[in-house]
Structures are given as C-alpha cells and as structure tokens.
Amino acid sequence: MLSLWLRRLSTDRIARSHEVSAPLAVYGKRGNAELIVAVDTAAERLGLRAGMALAQVRAMHPALQAVAEDVGADATLLDSIADWCLRYTPLVALDAPDGLLLDIGGCAHLYGGEQALVADISGRIARAGFAFSIAVAGSIGAAHAAARYGEPASYTGGEERSLLAPLPLAALRLAPETVSALARVGLKRIGDIIDLPRSPLTARFSAQVLRQLDRAMGREHEPLNPRLPVAPYVAEQRFAEPITREADVLAILTRLAARLQFALERRGDGARRIELTLFRTDGALRRLAVGCSRPLRDPGQIRTLFAERLAALSDAFDPGFGFDMARLSVLVAEPSPPEQIGLGGGEDTAEADRLVDRLSARLGARRVRRLIARDSHHPEIAAAAVPAHAAPADTGWPAFRRHRTDAELAPRPLRLLTRPEPIEALAEVPDGPPLRFRWRRALHEVIAAEGPERIEGVWWSEHGGPARDYFRVEDKSGLRFWLFRAGLYRDLAQGAAAPTWFLHGTFA
Amino acid sequence: MLQQLRQRLQALQKTAGLESDHGALPLGIAPIDAALGGGLARGALHEIAAASEAHLAAATGFALGLAAHAQGRLLWLAEDMALAESGAPYGPGLDAFGLRPEHLLTVAATQRCDLLWAMEEALRCRAVHAAIGELRHGAIDMVALRRLSLAAGESGALALLLRGAPAGDASTAATRWVVEAAPSFSAPSPERRGEKENATRLAVELVRNRRGPLGAWILEWSDSDERFALATHAQPVAAPALDRPHRKVA
C-alpha cells in the first residue's frame, strides 16, 4: 500500500495558479473565528502555524498574503491527481482531504520494483510543484501514519511495530477527542498502547482505538475503497515517445484489443462496455467509452467503434504534447458463447447490432432507440423508446398485439407529441366532441368525431392527473387528430378544476 | 485496356435510382404499379413530401405504408426538432399500420449532417430493409442525396425521404410523391358529425417518376388487409393523367 500525502495541497494549488511571492496562508471560518488553516513554506519559516487567528497573524506580518479557503477546488485538484495516479494502478482511493492511497501490489514490477515506482511518482509530482511525502507499508494505517508522522520510506510487512511505536497517537486516524482523552492519562505515543491490556482500554475509551491499532498493525484487514470500479480486463501500453496522431492512437488501440481478445477468449467472455484511457504528458486524462449491443471480442470491430467515437469528437480530441500511455479496459463483460458462423438469421441480427453500435458510438447511446411496449393503459407509458443497447430481449409487442385484438382497442395515432399541447376547443355539449378547436394558431373545423374513449388517470398516485376522454376527430381538410378532454364535467360539482382540452397526437 | 476503362467508366456512370438489379416492390395497387413499371424500385431513393406542413402525418403514414412493404428492419431517422414539433413515432399506432414496432429503430440527430451520415450507414447495412429520413426544412445537399442513392443502390434497401413541403429542386430520387390527407367522406356535411369515422384516406400524387408516367390517386387504408387500396367509392381529386388522353391541355 502506498500513501501519498500532499502536505500543502491548498497553498500549492494557489501558488500554481498565480504568482505569489510573499508568504502565503489560507484561512477559513472555524466556529465564529477566522483561523489560518494552511501555510506555505515561507510562512512556516515566519513561525506561522495552522490554527492561529487571522487577525493576529495579519498584525504580526502585514506582508502576508491571506487567501480564503476553497474546499471544492482542493477536492477537484485531489480528484485530478487521483486520476493521474491511475497510470500506476487501477486501485486508487481518496484519503481526504489531502492524501491518496494506491494499492501497488502486483504493479510495482512494471516499473522495475517498488523503489523505481516511488522514484517515478516523486519525480513527476515534484515537477508539478507539489510538496509531498510518500510511504509504502503493508497496511493502509501504517502507510498513512508513516507518510504523515514518520520517516517517509518503504516498510515491509512485520516492520509495523518498530515503525508505529514512536509515532503520536493521532497517526492512528482517531477522533481528536479520543486523542486528547488518551493524552490526559499519559498515553501519547502508539508504543504506549501497543502492549496495554485490551479490555480496560476498550472499556475506558472506545473500541475504535484498538480497531485502528489492529488495522495499522496489519492484524485486521482494512479494505481499500477504490474511486472507480475495477475493470475485469485491462491492457495497457506505455510509449517511449508521446503519440499525437489519431491514426497512431487507433493502431495502439487495435494492439491492446488484440491482447484483451486473448484474455476474453480464455474465459469465454465478451465486452459490453469498453473504455480507452489516454494519459497526456501534462497529467490530463482523456476517457472514451463505447458500448456494444452484444458481447464483443474482435479487435477490428472494437477499432471501428472507437474510430466512430473519435470522429464524433473531431476537434475536441486534443493531444496537447502527446499521450505517453494508453489503457484499454473492459468495464462490463458478459459471457459470450463461441462464435457461430454461417447461420442465416443470426448473421442478419449480428449485422444490425453492429450498425446500432456504430450509430450509438458516433451519435450517443441515447439517440439510437428501440420501441418497447409496457403493460399500462396510460398512452404515454404504454409505449416508450429506450436506448437500443439497453433494450430488453422481450419488447412486449406480441403481448400488446394480443391485447389489442382481444380488447378491440380504439385506434392509436401514428405520431404522439412528447407532451399533450393545450388547445382552445368549443364543444356542443359538455361531454361531447369539440365543434372546432385552435391548435398552434390554426383553426380546425371538426366534421367527424369518434369517441369518447375514457382513460382513467393514475388514481393511485398523487401525480396521476384527472381522467381523460379521448376523441379521434377529422377536420374539413381531412386532417385527423387525437384530442382529449382532461377532467369530467360531473366532477365540477365536487370542486374540481374545469376540464381543459389537449391535443396529443396525429393520425395519418 | 481501353475496353476495360470504358467498362469501368460505364459502371461509374450508372444513373442512381434507375438500375433495376434489386427488383421492384409491388404495392398491390394495379394502376400505381403500372405507372411505376411493376412497383416501387428497391435500392433507390424515393421522396415523399407533405402537401403542406399540416399534412405531415399523412405523408408519414404513406411513407410507413411503403416501408411496411419492404418487410424487415426499418430505421426512422429524424432531427430532434422534428420529433419535438410533430411527435415521435408511436408504437401502438405503427402496429395498427402493419408495421412491427420491434423492427423499428429510431435515430435522433442534432444536426442534419449527422442524420445524413447515419442514413447512409443504415442503407449500406445489409440487415436494414428500409430507412426513412425525415428532412423537413430547407434544401438538401445534392452530393448527400446522390450518396444516399448510391448507398441504397449498393444494398438494395428502400430509401425514403420525408419532407415537409414539396420541393422543386433537382434530385437523384427515382420517384417523388406529394401526399395530402383526404376527407374520409366524399361530401363533408355537418350532419355527419358524431358519426363513426371512415378509414384513413390519402390523396397521393406522383409528381416525378423516372420510369414512367405520373398520376394522382386517392388511397384508403384497409384494416383487414393491412395495406393501402384504391378508394373506389370516392371521387378522385383528379383522374390519372393517363386516363384522359382525349382532353386537350388548355
């Protein structure tokens, strides 16, 4: 476990964004007082510490630059550093507010060992202008404590005791009240409590103390909570020279996909969602994801999908000074039976699925839709358009067709408006069809009407709305509309709102 | 060598929309099939325009009726604005129109170029039997139209363009239709109000045909056969031009 502590995250952030020469301090409101919360090296040399009152510090050092704290900006910065750390391992967790945890087990050898990896991170972070310390230890607690309070170095499992004993109790990530309570009875260092009898300690303070101690000592396992879900299949490639051209990116992609194909085939899986992560030399990340309607393994098809995705980006594909690393991860994998070749019907479906994938990759998955039928009498809910990727195998239409013939359902319009549009309508009798109506500023004289078809509102829900009487009407020029009156006149007596007319769709 | 080049040139010069290697799609309406030379040409582009913006639903119905003849996967491509303005295709309604909603794939595009690209991709795909592109306003780029015709010609899919108003511009389309909703009663009268409505009726005019004569017909949707038929008991707005050769043009 590697713990990275960015000692002066907020002051480093301000120093990076604009020129600050004088000593810098960040202040924030704690309770009713404005206190210093972070200081940079120059301010520290002046003897300033976090926790001092701002007014007092200003009086002491008029040249001090004091900037209000911005927790959101700090969190965003930490997030982007965490993103950048993905180049070392997919298991990166936030150790808020100013630290990160990297599980480097199994990845260190890619960089030529733990030492080389730490040197690589250190070099890059120092160049980016951050003060930091890094410690590697067997457990999360030990790495955290060593990075902040101990000697930043590498420790192996079993060294926890000698590492932790001299450190203050605050290194165990305990609540400040617990730490001060322990200090009152003379327990100040971790070494003071390691060998104490356990039950009185738990009774006097809380179970948390021993739990944190056990976790730091490696006696109890503490799971890492990675920021991003870990992909089941990953292939990555680092480049000696940064690449900038789109063609190169696609070539690398094909090579990575070919490597993934191997792993996928071995376990009989196919990819449903694939992400390409490009690491730019300046630390920024580009993520591109594509989805597929059926489990996919073929590198050629994966390449085609990403080519569409890149084409849709056009100018947004900004390589800057180039990408120095690429990673292809399968985010969602599904069992996929071995390919069958030469089945007439299947071939056609496969072809159609490929078209859906290509269109979705270029236009966005929500723009390519399939219609499904739902079991509802409400016209808006009865049919829906869902993204073709996510469409269920059973679209519900066969059941709908049976229902339509059984119940002799009244005709439904060819095109349905997204939401019913209010119209001004004049009816001869209150419950009858309209005589004429005005929709989108045009007046329509009704010459024929069919109806009403009463569709009750969703009375079991608060937002169900009133009952609707639907009419199919035809105007003088032969245009056919689907109108409804929301609300019934008989409810007027009970204090309901007056019925209003809406136009909901058009017939051929 | 020269012969080869000539042959290649000839292949390149093939007029889109005229080659009949994909066969025709008979509509089952004798006079229309006769005018079209056997039926609607597969692998060609056909333009269907509404007589005016208000008649768009009628034009939609006609386009869907034609696409239903192609039997198979159907793509509906439209711009976001068009869907917001006149509504999205509604599954239960399509179902009554002889189209299987499960075969329909809708594509919403933000820009016209995206729509044309998607339509071309769809037409090149062998699994798609028909694609309807709703391009309502404005002129369409000639190059894009020709690309669509060629794409349809390659795969034999039916390419239909749905337009909001009749367009007078040059086009590579094999046929061009103007569709208008027709009253379902031959003589509209106020006494008919409240009576059950008759079947859907459309006035269809063939205004451009690269293979034969033009004409105008009134079609009626027949629920039992799930297809259009000539409305025999209705007065046609205009008899087909072929039927009155004796009449002099004023």
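A residue is called buried here if 20 or more other C-beta atoms lie within 10 Å of its own, exposed if 12 or fewer, and partly exposed in between, with C-beta atoms placed from the backbone. The structure is a predicted model, in which local features need pLDDT of at least 70 and side-chain atom pairs count only at pLDDT 80 or more, while totals for chains, interfaces and linings use all residues. Residues are numbered from 1 along each chain as its sequence is written, and chains are lettered from A and ligands numbered from 1 in the order in which they are written.

Chain A divides into domain 1 (2–136), domain 2 (140–217), domain 3 (233–361), domain 4 (369–407) and domain 5 (415–506), with bounds that come from an automatic or database domain assignment. The centres of domain 4 and domain 5 of chain A, taken over C-alpha atoms, are 24 Å apart.

Helices (H or I, at least four residues) and strands (E, at least two) are DSSP runs, numbered from the N terminus. Among the buried residues of this helix are His144(A) and Arg148(A). Their cover includes strand 1 (2–6), strand 7 (132–136) and helix 11 (207–217) of chain A, where contact requires C-beta atoms, placed from the backbone, within 7 Å.

Elsewhere in chain A, the axes of helix 1 (residues 9–17) and helix 4 (residues 71–85) come within 10 Å and cross at roughly 90°. These axes are lines fitted to C-alpha atoms, for helices over the stretch in contact, and angles run from 0 to 180 degrees between N-to-C directions. Leu9(A), Ser10(A) and Arg13(A) of helix 1 meet Ala73(A), Asp74(A), Leu77(A) and Leu78(A) of helix 4. This contact has 4 nonpolar, 1 polar and 2 charged residues; Ala, Val, Leu, Ile, Met, Phe, Trp, Tyr, Cys and Pro count as nonpolar, Asp, Glu, Lys and Arg as charged, and the others, Gly among them, as polar.

Turning to the two chains together, 47 residues of chain A are in contact with 52 residues of chain B. Helix 14 (344–363), strand 14 (415–427) and strand 16 (442–455) of chain A are among the elements that give two or more residues to the side of chain A that touches chain B. The largest share of that side, 8 residues, comes from helix 14 of chain A. By class, the side of chain A that touches chain B has 26 nonpolar, 6 polar and 15 charged residues.
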